[in-house]
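Which side-chain contacts does this chain contain, and what lines its pocket? The report below takes charged pairs, aromatic rings and open space in turn.

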Amino acid sequence: MTEHMTNQACPRATDPRTTDPRPRRPRRRTRRPRTLPALPAVLLALVCAATAPGAGTPARAAAAGPEAAGAPGAPPARSFDTGPARAALKRLLPRHAAQFTLVAAPVAAGGPDTFTVSGRAGAVTVRGTTGATLLTGVGWYLQHVAGADIGWPGDSLGQLPARLPAVPAPVTRSALVPHRYALNDTDDGYSGPYRTFEQHQRQIDLLALHGINEVFVQVGAEYPYYRALQGFGYSAAELREWIPAPGHQSWWLLQNLSAFGGPVSERLLRERARLGARIAEQLRGLGMTPVLPGYFGTVPPGFAARNEGARTVAQGDWAGFDRPDWLDPSSPAFPKVAAAYYAEQRAVFGDSAMYRMSPLHEGGKAGPVDVGAAAGAVQSALHAAHPGAVWAVLGWQDSPRKELLAGVDTSKLLILDGLSDRYNRLDRETRWGGAPYALGTIYNFGGHTTVGANTSVWIDRFGSWRAKDASALRGTAYLPEATGTNPAAFDLFTDLAWEPGPIDQRAWFAGFAARRYGRPDAEAAAAWEELRKGPYSTSSGLWSESQDSLFTARPSLTAAGAAYWSPKSMRYPADSVRRALEHLLKVDPRLRGSSAYRFDLVDTARQALANHSRVLLPRIRAAYEAEDLAAFRELTAAWADAERRLDALTSSDPNFLLGPWLAAARSWGADGAEKDRYEYDARSILSVWGRHSTSEGGFLHDYANREWGRLVRELYAPRWAAYFAALEEALVKKAAPREIDWHAFEEEWARRTTPQPGGAGGPTGNPYALAAGVAAALRAAEPAL
């Protein structure tokens with residue numbers, strides 16, 4: 001079929017309303033463009049489908065709902081289809097799903113999401129106000145009654161009895177806040193820009209299980225730009241050069257960069273749009289809000305010259321990249337571009353109740369533009385397309401500015417506070433003039449493999465900030481830069497919105513230890529108590545993330561961290577992790593078979609070894625400065641041995657492998673050249689991050705460092721080996737060490753395209769034996785605990 005079609009009609013013979021065997025859901029009228037000029041044929045079926053991305057959200061399915069949007073005269077509550085929740089339950093609990101009865105329990109408009117769990121052994125009933133809330137009730141049952149965990153990652157479902165236990169007495173829980181938002185703008189880039197629908201579906205299932213009701217959908221967000229801007233003087237080829245490859249699109253949407261890792265292909269853009277549409281529809285089916293990117297003025301170079309009367313502001317540099325220009329929202333051209341953008345977005349992704357936009361992010365320049373007037377114009381354009389929609393803006397650095405808040409209707413705004421647990425003496429009501437906000441956390445940056453979080457700060461501030469006079473706290477915002485790395489932090493943070501009383505941190509971790517491996521175990525409890533007292537009790541003031549590893553740092557005898565922006569010293573006593581490892585190794589052998597135990601054991605051993613790098617490097621430095629060649633050789637050999645152990649250990653669990661990351665990127669390419677481009681996109685973000693100016697001048701090299709199998713062996717260990725060889729040569733020759741061009745070293749690795757052995761590759765080695773070997777090596781190197 002031709003790609004340029006106008007006034008396209010939906011063929012009745014393929015209308016899913018008559019052929020789709022899935023349960024039908026209540027429908028409501030939705031706004032659609034009168035025509036969809038040049039809509040690609042590959043998307044036509046999506047637009048025409050009755051439950052297609054263009055369809056609106058059923059009542060209560062837009063989980064932000066009338067109350068969140070502040071809409072007066074909200075419609076009465078209506079029932080909903082439990083089919084999508086039932087399907088998710090079968091995915092999550094394939095052996096036990098039949099023992100649950102899911103019952104839709106509509107709530108009056110404006111009321112909180114609520115679930116009730118009851119039932120006898122083998123027959124558990126969950127009533128809930130949305131499909132996602134039904135799953136939250138199932139999650140509560142697993143956590144508090146069945147004593148099992150479905151973590152992110154790892155689970156203990158193998159320990160569940162064939163017949164699920166009875167609920168002693170019916171239990172009802174209501175959400176304490178209407179907004180339970182998830183996913184940082186960077187999640188797609190750092191968690192996996194080349195994931196499959198099944199992987200995104202798993203993420204959605206886990207978010208619903210943990211009480212989330214609003215989820216950012218980034219995949220395919222470039223497509224409305226691509227379609228709309230062709231009507232403003234740009235060719236398709238120009239736009240495919242301007243749009244970055246998927247691994248870097250997060251920062252393009254934030255108006256930080258453009259034109260890296262491409263050109264992207266037309267086929268890729270279409271396929272990502274289709275995937276994003278499926279993700280959005282999956283969320284709607286569960287009554288969750290797909291939070292879509294809104295339009296706030298990002299345009300390619302030369303927009304003003306091609307569009308008479310348009311005013312743009314150059315945004316300058318971001319970490320060595322030229323930022324996209326900003327179209328003045330107060331100029332006459334803006335509403336035209338915004339309308340075109342929202343029409344194209346609706347045609348593929350449908351409507352939503354919430355849209356993400358962060359103008360002037362990380363140093364954006366307002367120039368002569370009146371920020372308040374611009375913000376008002378951005379909101380007006382949003383409401384012209386989606387009346388009453390909530391604008392979600394990230395609270396980060398100095399954003400949102402007071403001028404921005406002064407120009408908008410803040411009752412239709414939600415600030416996602418990324419700094420809630422990072423600094424002290426915060427007064428969000430004063431800072432943001434009473435605008436609604438969500439308490440958020442960013443405990444992971446760049447996808448670092450590091451354990452810990454400021455959990456006691458979360459508990460204290462969520463309760464005290466909600467209780468204060470005239471509190472504007474309306475939600476929680478789960479915002480790690482990469483997800484799927486820290487199951488304890490994910491579980492605890494998402495519990496905040498559902499626990500009726502203050503969480504007792506010590507009791508919570510004791511309960512987590514019991515369900516994490518399927519039943520109580522004294523050694524598991526001791527291990528998690530050590531982790532609680534150590535990396536999970538770090539304080540606010542400067543950081544929300546723990547330190548990263550020196551094994552992943554660019555070599556230097558004075559290295560204090562791998563990422564330039566990470567903590568430069570330990571944020572907790574290192575012995576706590578070593579003691580936790582010793583306890584985990586003594587857990588009852590009958591509980592060691594779960595993926596949860598395996599992940600925690602590998603992760604804890606990895607962290608203990610990473611912490612050892614901060615003990616070992618100063619010793620190496622001392623030997624070098626003393627010109628003690630024998631000691632230097634002995635200590636650098638110990639460093640190399642630790643790196644070998646680290647690579648073997650992380651290669652034993654599927655969650656710590658480089659191979660699948662690269663294989664996924666290559667799978668999206670249609671030919672060898674395209675596969676190579678996307679592999680570079682995936683490799684570069686882990687190493688050099690961007691071009692030379694970004695890596696060096698912008699200090700982004702190793703920002704996304706992580707201790708993964710093969711990544712340690714291929715990049716980090718050879719890098720340190722080259723450095724130590726140069727230092728040893730200097731000691732022997734009694735000369736200054738030779739200089740090494742580290743960017744060239746890292747860029748060579750990023751440019752590799754050799755497929756991994758065996759394709760994506762699976763885990764190798766015995767996790768328990770490897771972790772035990774790490775513990776023994778650490779006992780020998782640091783005998784005192």
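## Basis

This is a predicted model, in which local features need pLDDT of at least 70 and side-chain atom pairs count only at pLDDT 80 or more, while totals for chains, interfaces and linings use all residues. Residues are numbered from 1 along each chain as its sequence is written, and side-chain values use heavy atoms, with hydrogens and water left out.

## Salt bridges

There are 52 salt bridges in the structure, a salt bridge being a side-chain nitrogen of Lys or Arg within 4 Å of a carboxyl oxygen of Asp or Glu. One of them joins Arg267 to Glu674, with 3.0 Å between the closest N and O atoms. Arg267 belongs to helix α11 (residues 266-285) and Glu674 to helix α25 (residues 672-686), so this pair ties together parts 407 residues apart in sequence. Helices here are DSSP runs (H or I, at least four residues), numbered from the N terminus. Arg267 is partly exposed at 31% relative accessibility, whereas Glu674 is buried at 4%. Buried means under 20% relative accessible area, exposed over 50% and partly exposed in between, with a 1.4 Å probe and protein chains only.

A salt-bridge network links Arg666, Asp676, Glu679, Arg683, Arg710 and Glu714. Within it, Arg710 and Glu714 meet at 3.1 Å, N to O. Arg710 is partly exposed, at 23% relative accessible area, and Glu714 is buried, at 13%. Arg719 and Glu746 form another salt bridge, their closest N and O atoms 2.8 Å apart. Because Arg719 lies in helix α27 (residues 711-733) and Glu746 in helix α28 (residues 742-750), the pair ties together parts 27 residues apart in sequence. Arg719 is buried at 0% relative accessibility, and Glu746 is buried at 0% too.

## Aromatic contacts

The count of aromatic pairs is 52. Rings of Phe, Tyr and Trp (its six-membered ring) pair if their centres lie within 6.5 Å; planes under 30 degrees apart are stacked, over 60 edge-to-face, and the rest tilted. Tyr190 and Trp251 make an edge-to-face pair, 4.9 Å centre to centre with 65° between the planes. Tyr190 is in helix α6 (residues 187-191) and Trp251 in helix α10 (residues 249-253), 61 residues apart, and the pair links distant parts of the chain. Tyr190 is buried at 3%, and Trp251 is buried at 4%.

One aromatic cluster is formed by Phe551, Tyr624, Phe632, Trp639, Trp720, Tyr723, Phe724, Trp742 and Phe745. Charges also sit over rings, meaning that NZ of Lys or CZ of Arg is within 6 Å of the ring centre and within 35 degrees of the ring normal. Arg751 has its charged end over the ring of Tyr680, 3.7 Å from the centre, and Arg515 lies over the face of Trp508 at 5.2 Å.

## Largest pocket

The largest pocket holds about 990 Å³ of space. Among its 41 lining residues, Ser191, Arg195, Gln199, Gly484 and Asn655 are the closest to its centre. Elements giving two or more residues to the lining are α6, α7 (197-209), α22 (595-625) and α24 (659-667). A pocket is an open set of points on a 1 Å grid over the protein atoms alone, where a 1.4 Å probe fits, with protein on both sides within 12 Å along at least five of seven lines; lining residues have an atom within 4 Å of a point. Grid points are joined across faces, edges and corners, and the volume is the space filled by probe spheres set on them.

By class, the lining has 18 nonpolar, 17 polar and six charged residues. Ala, Val, Leu, Ile, Met, Phe, Trp, Tyr, Cys and Pro count as nonpolar, Asp, Glu, Lys and Arg as charged, and the others, Gly among them, as polar.
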